[in-house]
Amino acid sequence: MNQPNDPAINSEEVTRLKGEILSNLIRKQAHGPETATAYDWWTAVCLTTRDRILENACEMRQKHRECNVKRVYYLSLEYLMGRLLENNLVNIGALENTRAALKELGQDLDELIEEAPDLGLGNGGLGRLAACFMDSLSTLDLPAIGYGINYEFGLFRQAFVDGKQVELPDEWRRFGNPWGICRPEYAVEVPIYGKVELKFDEFGKGKSIWTDSRSIIGVPWDIPVTGYETKTVNFLRLWESRASQDFDLGIFNRGGYVDAVRQKAESETISKVLYPNDSTEAGKELRLVQQYFFVTCSLRDIIKRHIQSGNNWDNLSDKAAIQLNDTHPAIAVPELMRLLIDEEDLSWDKAWSICRKTFSYTNHTLLPEALEKWSVPLFEKVLPRHLQIIFDINKQFLEQEVEAKWPGDARKKAELSLIEESMPQQIRMAYMAVVCSHTTNGVAALHTELLKKDLFKSFDQLYPGKIQNKTNGITPRRWLKACNPELSGLIDSSIGNDWPRDLDRLRDLEPFAEDANWRAEFMAIKLRNKERLASLIQKRCGITVDPTALFDVQIKRLHEYKRQHLNLLNIVTQYRRLLNNPNLDIVPRVFVFGAKAAPGYTLAKEIIHAINAVGEKINNDARIHGKLKVAFLPNYGVSVAETIIPASDLSEQISTAGKEASGTGNMKLALNGSLTIGTLDGANVEILEEVGEDNIFIFGLTVEEVDALWKKGYRSIDFYEKHEELKDSLEWLTSDYFAPSGSFSNLRSSLLEGNDPYLVFPDFNPYVATQGAVDEMFKDTDRWAKSAILNTARVGKFSSDRTIREYAEQIWNLPSQSI
């Protein structure tokens, strides 16, 4: 921590900050220092920081208007932003001055930061990637707006009751959001439902007209996004749904008190929750309405800005690059077509040309079942005009492009059709995104190759070169400089402080891996980070853990393909081994989990219960002398990750090969000196290339071996019967020892009757053996420290700045615009 005479502290600036904070405390919070709560102080500091950011933002916007710049418009259903105060202070270079100002006012900045909730705008890797990208766009001075939804409750707040996940409302906006700026002057009216009628003009020309629709109002909220050591400030523009008529006084006066506000309640449901449960038809309908709502609001906003800047339709793609972050915003394609044809009276061919030159699409999954599809009857109910446009796009695509490439091939047309001929018919949104964009990209080298080889093989043949790779990245400002300040300080003192803008500079740390004193300081910092995590585990879970143990971390969305249950089976196996041999020479371990399961994902929730049930037994079993501990931190999110990641020794990246698109948790953990245990999947392949095979633990089937095993006729029951330790561990796990009989029947059924769809059984023995190799290396403290340092030093490639530069140069054709 900086001292008062630290050059980072400017006494005049500290004095100014004190005055601004006190002014906001009094004028915005209506409190003097004597009566203000910690929340009041936090809000005052946020507003003071925001004021400074907005000064830069206004200057930047003025320049952008004068230069009529091109912008990228990033459409994403989620942004996992975390807390903003510390990150913004780091980016604008005001962290230590603010800390000093607050100290003179009798407040502790670190304690105030803890007052903040995580912004409830995202869930997993997709949203966190979008947040990192927005940070990099500002840092690189690239004009951008990120569009999304201003969720009232986010996903959900997770709690455990008897070890089981319980979903509670995430009321992150209960007391407001000091970073948000309401922009009612830019509100948009959104039509939904209704029907399509063919109307004729006086010349007998027919035109499809969308009529009898219901209206919703989209009100934008802007959140500024700062860049690091730059005056560029971009924005998230997040849409909140409002009723077009809040209150029907006539119905109220006739005694219909509930009906008088029914439309308001129904309309505002759209922006209530991220990813409403779609296990019901009503849930599916709400998801579709939600996606269309944010897309049409965003497109109308883009068009309005484009026209007001003096542009025309001929240069839309020269001034606007629209990036679809996964398939959720793919409805933007028919919506832009509708806006151009129906509202702007452009011809079909011109509208289609504009769309194809303007949209690009990022695919984030290799799971066919995760590629979004909507039933035609649902689309006809909610968006009847869009359904017509999609069928017209499909007809043109099949008759002109597919027919030209594969003449007379009906099977190829059925394969590539945007409409799946099932009962009922389904609209393939990923296919539409590929067909209607000028570029499609994967998010890791392996992922992109598998897209070309399998998922989009025929599209790659039809459009050679259209599918590119853009390996994901993370922002080092949040994921090292802010979340691991002691390690950042050590790096600064060793190689200089310019690495947050040029992460490849970390390569200069490699010689320090051979310096015993530097290794000792590096590991001392790691231990202090582990002590902080141990305190959090004690506070949140009531579990006492030893910070000198190996901290084995798996933090990611709960899904079968991510294989938390493989990790669990190893834990049960180690527990059995210890009970049968109390003198077994193993490294003490703390298994740390963080994950949420989708509310309707029964098996994922059962896996959470199983981990907690096993942990309850292990943590309270005196026979193993504390050699194993299991801690599942509830309500995992960005701020929890910022404590876990700097403390991790081992990073679990154990998905089935060929299932994980990229992953970014693997990058964050490696950057903070955590060694990876993983399969050759997603970005693990590239991490291996960067850090070297001596500094990572790779195990399990490769993509080719997975394919060969399925083709050979894999039967999980055969594998299960042949491997005694695996069988004993699963039998014990699913007995009544850890939980009442039948508690984990779905897990057992998936692995046996369900034929182990994610190949846990074949990878079990290699995984357990590799964990043994981890033990042996951890015992050699010097060797482990060297590998940890080399992980930090060699993952500069995975900066989101590198990724965004590639998007800007190779997809968006977007130049930087510094103030």
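**Cavities**

On a 1 Å grid over the protein atoms alone, a cavity is a set of points where a 1.4 Å probe fits but cannot get out. Its volume is the space filled by probe spheres set on the points, which are joined across faces, edges and corners.

This is a predicted model, where local features need pLDDT of at least 70, side-chain atom pairs count only at pLDDT 80 or more, and totals for chains, interfaces and linings use all residues. Residues are numbered from 1 along each chain as its sequence is written, and side-chain values use heavy atoms, with hydrogens and water left out.

I took the largest cavity, which holds about 100 Å³ of space. I listed its lining (residues with an atom within 4 Å of a point). Among the lining residues are M81, N88, R128, D135, P224 and R478. Then I checked the elements: α3 (85–91), α6 and β9 (214–226) each supply at least two lining residues. Helices (H or I, at least four residues) and strands (E, at least two) are DSSP runs, numbered from the N terminus. I sorted this lining by class and got five nonpolar, four polar and three charged residues. Ala, Val, Leu, Ile, Met, Phe, Trp, Tyr, Cys and Pro count as nonpolar, Asp, Glu, Lys and Arg as charged, and the others, Gly among them, as polar.

Next I turned to the second largest cavity, with about 80 Å³ of space. Its lining includes W42, W172 and W179. I counted nine nonpolar, two polar and one charged residue there.

**Helix α6 again**

I followed α6 (residues 125–139) to helix α33 (residues 800–812). Their axes come within 9 Å and cross at roughly 75 degrees. Axes are lines fitted to C-alpha atoms, for helices over the stretch in contact, and angles run from 0 to 180 degrees between N-to-C directions. The two helices are therefore roughly perpendicular (65 to 115 degrees). I noted the contacts (heavy atoms within 4.5 Å). C132, F133, S136, L137 and T139 of α6 meet S800, D801, T803, I804, Y807 and W812 of α33. By class, this contact has six nonpolar, four polar and one charged residue.

**Helices α9 and α11**

Last, I compared α9 (residues 281–308) with α11 (residues 332–343). They pack at about 50 degrees, with axes 10 Å apart. On the α9 side, Y292 and I303 are among the residues in contact.

Conventions:
Parallel < 35°, antiparallel > 145°, perpendicular 65-115°, else oblique. 1 Å grid on protein atoms, 1.4 Å probe; cavity = no way out; pocket = protein on both sides within 12 Å on 5 of 7 lines; lining within 4 Å.
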